[in-house]
Amino acid sequence: MIIALVGPTATGKTALSIEVAELLGGPSEVEIISADAMQLYRGMDIGTAKLPASQRRGIVHHQLDVLDINEAASVAAYQRSARADLHGIVSRGKIPIVVGGSGLYVAGLLDELEFPGHDPHIRADLEEIVRRKGLQPLLMELAEKDPEAYAAVDHRNPRRVIRAVEVVRLAGRYSPRFPRHTAHYPDVCAFYVTRTADVLADSIARRTEAMMTGGLLEETAALLHQGLRESPTAGSATGYRQAIAVLDGRLSAADAVVDIAQATRRLAKKQRTWFGADPRLHHLDLTDISMHDAAQHVMEAAGK
């Protein structure tokens, strides 16, 4: 049995995972696998709302703090590593709990996804086009060759646009490589954890304020010395991008809080769209229920 707690950011998935783990027997019976793309990075703690080790109640957490800031995160690499973690947990006779809101990472771990390879020559050619002409030529090519991928890819993210066009040139098409809702493991009990929109917005606002007063700027300053600004993925993370702007004098701290909250709400909307379309998920609204009662519901649905 694999339990998965997925859904938008700031809904309470992390707290719920600890509560469920305790009910299942704690550290001797459960290990947790994170499916959060930015929590992979060492040192990115405050801005990613990473659960401190002191609050994990002795429960082993995987896929936290596994990358240096200057390394690129990839779903393919995560898939290999996280599946190895999952198999190890099961071999030890424990129950794995997958927790996170990065939809493609959750799918990479739990669903039947295949990732095409890389071609350094194609990649170099695409990067040169972007350097000279920007993203528009690549977006036009993607729109012509794979309209579905064009509609899905983040047009403001050069790394993802380049990768999509690279795959199209390699395989002829990007989208069919990622069939939705096709399980890799037969025994997953997955929950879509959510809150009402107003409650979630309030939770995001309060968490953003806490991040800023809790040391986000100081954390970001330390990460800049490790190469955050040049990082292919970490430097664009919500929260850190705005913190860098504050440290550069381009944004006030107050405006950064507003910007971070807005960006996080947009992220949560995308996550709701992604997970809300999955018919396999049990919906679990935490708006008017205690964590203990929610964990009991998870236990009952999972037959525990």
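Is Arg123 buried, partly exposed or exposed, and what is its relative accessibility? At 22% relative accessibility, Arg123 counts as partly exposed, where buried means under 20% relative accessible area, exposed over 50% and partly exposed in between (1.4 Å probe, protein chains only). The model is predicted, so local features need pLDDT of at least 70 and side-chain atom pairs count only at pLDDT 80 or more, while totals for chains, interfaces and linings use all residues. Residues are numbered from 1 along each chain as its sequence is written, and side-chain values use heavy atoms, with hydrogens and water left out.

Arg123 forms a salt bridge with Glu166, the closest N and O atoms being 2.5 Å apart; a salt bridge is a side-chain nitrogen of Lys or Arg within 4 Å of a carboxyl oxygen of Asp or Glu. Because Glu166 lies in helix 7 (residues 158-171) and Arg123 in helix 4 (residues 120-133), the pair ties together parts that are 43 residues apart in sequence. Helices here are DSSP runs (H or I, at least four residues), numbered from the N terminus. Glu166 itself counts as buried, at 1% relative accessibility. Its side chain also meets that of Arg163 in a salt bridge (3.0 Å, N to O), and both Arg163 and Glu166 are buried.

Of its 8 residues, 6 are buried, so helix 10 is largely enclosed by the rest of the structure. Among these buried residues are Tyr240, Gln242 and Ile244. Just after helix 10, Gly249 takes a positive phi of about 80°.

Note on methods: Helices (H or I, at least four residues) and strands (E, at least two) are DSSP runs, numbered from the N terminus.
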